[in-house]
Amino acid sequence: MSQVGNSPGASDPRELLELAVDLVRAGADRVRSMRDVAATGVATKSSPTDVVTAADRATERLIIDRLRVLRPGDDVLGEETGVHRGPDHRVADGPDTGRVRWLLDPIDGTVNFLYGIPYYGVSLAAEVAGQVVAGVVRNPVSGEEWTAVAGQGAHRNGRRLSGSTVCELSQALLATGFGYDRARRAHQARVVADLLPEVRDIRRLGAASIDLCMAADGRIDAFYEKGLAPWDLAAGGLVAREAGLRVTGLGGVPAGTSMVLAAPLAIHQALHDRLVDLDAAGGP
Ligand code: IPD
Ligand code: CA
């Protein structure tokens, strides 16, 4: 287990990535070891289909406990337990304090995990002064691990990534996802119904952080989804951006809850404009 720069408060992005990788590997081991009992401790969150398992909770606890020891001054935002503040946050808060915040999704793709579909990931990113500077997403089943450092490129298990070379929207394989709220899903389904005849095909793979990494990898051409939380977007969004994709929202809004669109430059505008026409960021 690496300790960042021998100094608990250091914020060099490469060192933050090193630590993130150690933590995510430990988290992925925990997830794998709990797969046989995946269906235990299952509870629901925002809707009857939005599940959390004992493995989500145990993995989040493991990573946050280690962060609290190794980086006691940092803030953490975890999907299952919310905000954990480091000390002195009132003094240190502010846009340029250099304060580090970790964004953690212990299992992105929990429904896949529950059903034994091997497409889920542990996602951890480090943000400094509000900018994501380092991130890692690991699939515990396949061992695929995507990493990125701001300004230094994106990699899968050491191989540099550069996205797909698709030039036309009609030839693009897209991925998207759906929220847990019924009304939101109905709106998202209408958007998909209109878009589907205009592209090569659309996948609903089930883990947004990995979808973003797959787009970085060129194994899908582009990804969009409305309603992602910060922990879904942080690490995978950096991986996609560092692979050369444009990662935005719609109409000049940055990527965020209202929309995440990650696409190669050659098709970004066309897909953006189509999503605007279809009011993909609208609805509930
Ligand atoms: C979900 C997955 C899914 C996406 C949802 C997310 P979770 O995360 O990333 O692919 O469509 O919007 O909430 O609940 O499995 O951590
Ligand atoms: Ca999750």
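Strand 3 and strand 4 form a hairpin in which 3 residues lie between the two strands. The model is a predicted one, in which local features need pLDDT of at least 70, side-chain atom pairs count only at pLDDT 80 or more, and totals for chains, interfaces and linings use all residues. Residues are numbered from 1 along each chain as its sequence is written, chains are lettered from A and ligands numbered from 1 in the order in which they are written, and side-chain values use heavy atoms, with hydrogens and water left out. Helices (H or I, at least four residues) and strands (E, at least two) are DSSP runs, numbered from the N terminus.

Two strands count as paired if DSSP finds at least two bridges between them. Valine 76 has histidine 84 as its bridge partner in strand 4, and leucine 77 stands opposite valine 83. Strand 3 is also joined to strand 5 (residues 100–108), in this case by 4 bridges and in the parallel sense; here aspartate 75 has arginine 101 as its bridge partner.

In a regular strand the side chains alternate between the two faces of the sheet. Buried means under 20% relative accessible area, exposed over 50%, and partly exposed in between, computed with a 1.4 Å probe on protein chains only.

These strands belong to an open sheet of 8 strands with mixed pairing, in the order 4-3-5-6-7-8-9-10. Strand 4 and strand 10 (159–160) stand at the edges with a single partner strand each, so one side of each is left without a neighbour in the sheet. Helix 6 (residues 208–217) packs on this sheet, touching strand 5, strand 6 (121–128), strand 7, strand 8 (145–149), strand 9 (154–156) and strand 10, and its direction makes about 75° with that of strand 8. Helix 7 (residues 230–242) lies across strand 3, strand 5, strand 6, strand 7, strand 8 and strand 9, running at about 95° to strand 7. Contact means heavy atoms within 4.5 Å; axes are lines fitted to C-alpha atoms, for helices over the stretch in contact, and angles run from 0 to 180 degrees between N-to-C directions.

Arginine 138 belongs to strand 7 (residues 131–138) and is buried, with a relative accessible area of 17%. Its side chain is joined to that of glutamate 145 by a polar contact of 2.8 Å. A polar contact is a pair of N or O atoms within 3.5 Å; within protein, one must be able to donate a hydrogen and the other to accept it, and residues adjacent in sequence count only if both atoms are side-chain atoms. Leaving aside neighbours within four places in sequence, the residues in contact with arginine 138 include Val24, Arg25, Tyr120 and Glu144.

The next topic is the ligands. The calcium ion (ligand 2) is coordinated by Glu79 (OE), Asp105 (OD), Asp105 (OD) and Ile107 (O), at 2.1 to 3.2 Å. Donors are N, O and S atoms within 2.8 Å of the metal (3.2 Å for Na, K and Ca), and water is not among the atoms, so sites may look incomplete. Aspartate 105 and isoleucine 107 are both buried.

Aspartate 105 also has a polar side-chain atom 3.3 Å from an oxygen atom of ligand 1. Ligand 1 has 16 residues around it, of which Asp108, Gly109, Tyr180, Ala208 and Glu225 come nearest; a residue is near a molecule or strand if one of its heavy atoms lies within 4 Å of it. A polar side-chain atom of tyrosine 180 lies 2.6 Å from an oxygen atom of ligand 1, and an N or O atom in the side chain of glutamate 225 is 2.5 Å from an oxygen atom of this ligand.

A further open sheet has 5 strands in the order 12-11-13-15-14, with mixed pairing. Strand 12 (201–203) and strand 14 (246–248) are at the edges, each with a single partner strand, so one side of each is left without a neighbour in the sheet. Strand 11 (residues 173–176) pairs with strand 12 in the parallel sense over 3 bridges. Helix 5 (residues 182–195) lies across strand 11, strand 12 and strand 13 (222–225), running at about 150° to strand 13.
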